[in-house]
Amino acid sequence: MFGAIFLVGWSLCALVIYSLISSFVRRRQHARLARQLGCEPPPILPTGFLGIRRAITMMKAQQKRQLQDAFLNERNAMQKMGKPCNTLKVEFLNQTLMVTYDPKNVQALLATQFKDFALGPIRFGGFYPLLGTGIFSTDGSAWEHSRTMLRPQFARSQVEDTAVEEYHLQNFMQALQVGPDGCADVEDIQTLFFRLTMDSATEMLFGESLDTQLSEMPGATVSMTRNGLRERDFAAAFDKAQYIISEGFRLNELYWIYQGRELKNACKNVHDFADYFVKRALNQEFGEKRTIEDGKKEKYVFLEALAADIRDPRKLRDELLSILTAGRDTTAALLGYLWYSLAKDPVRYTKLRQTAIDHFGTYQHPKPITFTGLKNCAYLQYCMNETLRLFPVVPLNSRRAVRDTSIPVGGGADGKSPVFVPKDTEVNYYVHVMHRMKEIWGPDVEDWKPERFENRKSGWEYLPFNGGPRICLGQQSALTKAGYTTVRLLQRFERVEPVDLEPQLRHKVTLTSRLYPGLHLRLFEASG
Ligand code: HEM
């Protein structure tokens, strides 16, 4: 007995000594490498003992729905102390991370040093229960393979199917009931945007829309059940799984703490529902094409097109759900923020409405609204760009060093020297903060001013869709959908008023950001 205790004691001692020595050796190696690379240390963000004070601040900010402001405050506080403030070292529990808002460093993470950084195990492990090995969470050759398979599906022709858009738009318009005073009082238009994008995304991806807009109408009887699960339960399970995963990410390495029974159940429901469509696509004859109601045009179904190349049902489901995750909330959130901004700015609302009518006619007598037409409508594009600057729907993101490396700036007293980044360090980059830096955008940085995009050629300081080899695949699709919806709304309503706006904007941040609690609008119908 005594011998066993003695042995365990010695083993523990040996382990501690080994850890201390290897940590000492690693530090010396890092210091030598940092010197060779000309690196200087970055400022350290004061975060209290073990970073607990910062963790509490962030938790409170999240509860108050003001996480983005908390990130801005951190930078402002460093600036007030007269320190370089664009790249910071942060201690959290026993982890050291980096935070950067510097466009040069972000460019290094995403493009010029792409091979030095990956999404890493937190992103993979966090998403695994829901997305398996889909494009949104893998690295290396698995990611390359997914990207090669998926990219052709985003070709321009697939972005141009506005007949499908119009069908779902009409269902959305039905939810905007105009009263005898000519006004639609819409308690939360953002929720309707989420239903719209869910409906059109599932039509494009699964080949069949969930039609949540119709099933949520008062007295509706429409309901779809697949593998014993109703569409409403699928949508709720999908939202719940995303929410739990995003909470886990805030704990960095400890993300798995959130992966309990609740997440398991939500993922099971999502998978059961999606498997119905996967099975159907795999059973479909190659070359068998479907047609939309008018019988003239081929209906494009993402899943069926993908099933021609991917025959493994699990892999097919992973990619399907990855695209749904990437594409649905983002586009709806953009619409929410855009209509929030327009509602607060009647002069620009009128300007954009006139532009839309000049390009695309009136609501009752529209001209074709095509991908190219929307792209050429410059002021509409500026409005969407400016919305994504002020309210990037992916406000924070991260990459992990896969080897000892450096990022170009942020070190030393002037913040101009490279910074050493040891292997396995998470580097967080906050696009929200970068998009609100006065040094880049000028003193009116906090104002929604679409005109600032006139003749502007954006670089790495403007990054709503990411950049480099992992740039968003759905950028054109998102801007087309958001542009189309906006034009149709502008055509129908000549004026819009916000109702009960809070003095300070709040955000619900999960994997993406959206308005919180929603957006109450009064929309006044035009006569023509
Ligand atoms: C306003 C709308 C959108 C915004 C702001 C947006 C933004 C982004 C961002 C920031 C990323 C990079 C994520 C990362 O690597 O960490 C991304 C990736 C991606 N997005 Fe989007 N997105 C939007 C809409 C869409 C849509 C509609 C789709 C598809 C239908 C889509 C598909 C993808 C895919 C597949 C990736 C992964 C690319 C890769 O890792 O290679 N996105 N998006």
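**Group meeting talk: a predicted protein chain and its ligand**

Helices here are DSSP runs of H or I with at least four residues, strands are runs of E with at least two, and both are numbered from the N terminus. Thr 330 counts as buried because its relative accessibility is 17%. The term buried means under 20% relative accessible area, exposed means over 50%, and partly exposed lies in between, with a 1.4 Å probe and protein chains only. Leaving aside residues up to four places away in sequence, Thr 330 touches Val 393 and Thr 512; a contact means heavy atoms within 4.5 Å.

Before I continue, a word on the source. This is a predicted model, in which local features need pLDDT of at least 70 and side-chain atom pairs count only at pLDDT 80 or more, while totals for chains, interfaces and linings use all residues. Residues are numbered from 1 along each chain as its sequence is written, and side-chain values use heavy atoms, with hydrogens and water left out.

Now to the chain as a whole. The protein chain has 20 helices and 16 strands. Its C-alpha trace spans about 85 × 55 × 35 Å along the principal axes. For 528 residues, a compact globule would have a radius of gyration near 24 Å, and the 25 Å of this protein chain agrees with that. The radius is taken over C-alpha atoms, and the globule rule is 2.2 Å times the number of residues to the power 0.38. Of the 528 residues, 53% are buried. Among contacts in the protein chain with a separation of 6 or more, 74% are between residues 24 or more positions apart.

Next, the ligand. Which residues are closest to the ligand? They are Trp 143, Arg 147, Asn 397, Arg 399 and Cys 472, out of 24 residues that surround it. A residue is counted here if one of its heavy atoms lies within 4 Å of the molecule. Helix H6 (140–150), helix H14 (313–343) and strand E9 (396–401) each supply at least two residues of this shell. By class, the shell has 14 nonpolar, six polar and four charged residues. In this scheme Ala, Val, Leu, Ile, Met, Phe, Trp, Tyr, Cys and Pro are nonpolar, Asp, Glu, Lys and Arg are charged, and the others, Gly among them, are polar.

Please look at the oxygen atoms of the ligand. For the side chain of Asn 397, the distance between an N or O atom and a ligand oxygen is 2.8 Å. For the side chain of Asn 466, the distance is 3.4 Å. A polar contact is a pair of N or O atoms within 3.5 Å; within protein, one must be able to donate a hydrogen and the other to accept it, and residues adjacent in sequence count only if both atoms are side-chain atoms.

Asn 466 has a positive phi of about 65° although it is not a glycine. Is Asn 466 buried or exposed? At 14% relative accessibility, Asn 466 counts as buried. Asn 455 is also found in the loop between H19 and H20, and has a positive phi of about 55° without being a glycine. Asn 455, however, counts as exposed, because its relative accessibility is 80%.

Arg 452 is a further residue of the loop between helix H19 (438–441) and helix H20 (475–492). With 13% relative accessibility, Arg 452 counts as buried. Its side chain reaches the backbone oxygen of Trp 441 at 3.2 Å and the backbone oxygen of Asp 444 at 3.0 Å. Among the residues that Arg 452 touches are Glu 386 and Arg 389.

Pro 103 lies in helix H4 (residues 103–112) and counts as buried at 18% relative accessibility. Pro 103 and Gly 459 are 356 residues apart in sequence, yet their C-alpha atoms are 8.4 Å apart in space. Pro 517 lies in the loop between strand E15 (513–516) and strand E16 (521–525). A cis peptide bond, with omega about 0°, joins Tyr 516 and Pro 517.
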